[in-house]
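Welcome! Here is a short briefing to read alongside the model.

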Amino acid sequence: MAVSMRQLVRRVIRLSNRNINVTAGGVSGRSGCCWGPSSCRCFSDRNTHFGFETVPEAEKAKRVYKVFENVAQKYDIMNDAMSLGIHRLWKDALLHVMNPQPGARLLDVAGGTGDISFRFLEYVRSQQERQKRRVARTMQTPSWQDISNSYSNEDKDGPQESKAVVCDINKEMLKVGKQKADSTGISAGLSWVVGDAEELPFDDDQFDIYTIAFGIRNVTHIDQALQEALRVLKPGGRFLCLEFSKVTNPVLARLYDTYSFQVIPVLGEVIAGDWKSYQYLVESIRKFPDQEEFKSMIEDAGFYCVQYYNLTGGVVALHSGFKL
């Protein structure tokens, strides 16, 4: 899709706001340079977290990219191992809350290996079959006029095709997703796009549903990603985010922490040969805002009717909001 002039202008304004801060002492930029009356010195004025480590913002994106580049080939296997397969139930719950109808357009951000998009297309196909059976039951003995009308309506309108766009910044993750799609024969209505959640390569008001599953905690500027989600959704469109969150039960929380820090990195080393990447993933979960704080962030971005559902005692939360 072509990028509109309005989007280009918005990007320039956004970059200007992010890069330049006007202060009483002068002007400072993300590059780290400042100008005083008698000297110039460079410093890094914006840091963020990479797991429990503090790093410059520009460095986090590179490190996160490297993490998922390293784990891409074993990503799905590790998801099964780490969650004991429960991640499949979490994703199924996302689809049931979404309840997409035929003709819906989905943008699955940080969609990597395609799990959400595959489920979306299958769910919509099952909805179409259910609708056909319902129509068939109501027309068990149709007249010739009914039959003629049904054929003429099909020719005129045709069935609306649902579409899913998997958007991920990591090419290796998309590569694995495409391989899965080819092996399972899923291709109709599915496309793959390399893109950054903070600066999506789509025009305004394009999608009915925006999903991001286990990806938003890896974004450097979460508020900016939420604003981009709002921008690309059509009025009435829905935002859905599935992400690890804060466990509500104290006993479960202690067990979960022990499992996370003592077992998951070991599984990463044994299965994927990568301890450090899975240590980061565990730490990144602890740095992500809890359910209420993230709900407020979604509302601040401009979404309405924001709510969340705790899954597995708050190990995971599903947040939902609408663009009005």
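Buried means under 20% relative accessible area, exposed over 50%, and partly exposed in between, with a 1.4 Å probe and protein chains only. This is a predicted model, where local features need pLDDT of at least 70, side-chain atom pairs count only at pLDDT 80 or more, and totals for chains, interfaces and linings use all residues. Residues are numbered from 1 along each chain as its sequence is written, and side-chain values use heavy atoms, leaving out hydrogens and water.

**A surface patch**
- I86 has 30% relative accessibility, so it counts as partly exposed.
- I86 belongs to helix α4 (residues 86-98); helices (H or I, at least four residues) and strands (E, at least two) are DSSP runs, numbered from the N terminus.
- Together, L84, I86 and L89 make a nonpolar surface patch of about 310 Å².

**Positive phi values**
- Most residues other than glycine have a negative phi.
- N99 has a positive phi, near 45 degrees, and lies in the loop between α4 and β7 (105-109).
- With a relative accessible area of 36%, N99 is partly exposed.
- C305, in strand β12 (residues 304-311), has a positive phi near 55 degrees.
- C305 is exposed, at 54% relative accessibility.

**A helix pair**
- The axes (lines fitted to C-alpha atoms over the stretch in contact, with angles from 0 to 180 degrees between N-to-C directions) of helix α9 (residues 250-262) and helix α11 (residues 275-287) come within 9 Å and cross at roughly 150 degrees.
- That crossing makes α9 roughly antiparallel to α11, a term for angles over 145 degrees.
- Y256, D257, S260 and F261 in α9 meet Q279, V282, E283, I285 and R286 in α11, with contact meaning heavy atoms within 4.5 Å.

Definitions and conventions
Patches are made of residues with over 30% relative accessible area and no salt bridge: like charges are joined within 9 Å, nonpolar side chains (Val, Leu, Ile, Met, Phe, Trp, Tyr) within 5 Å. Accessible areas come from the Shrake-Rupley method with a 1.4 Å probe; for residues, only the protein chains shown count as cover. A salt bridge is a side-chain nitrogen of Lys or Arg within 4 Å of a carboxyl oxygen of Asp or Glu. Angles under 35 degrees count as roughly parallel, over 145 as roughly antiparallel, 65 to 115 as roughly perpendicular and the rest as oblique.
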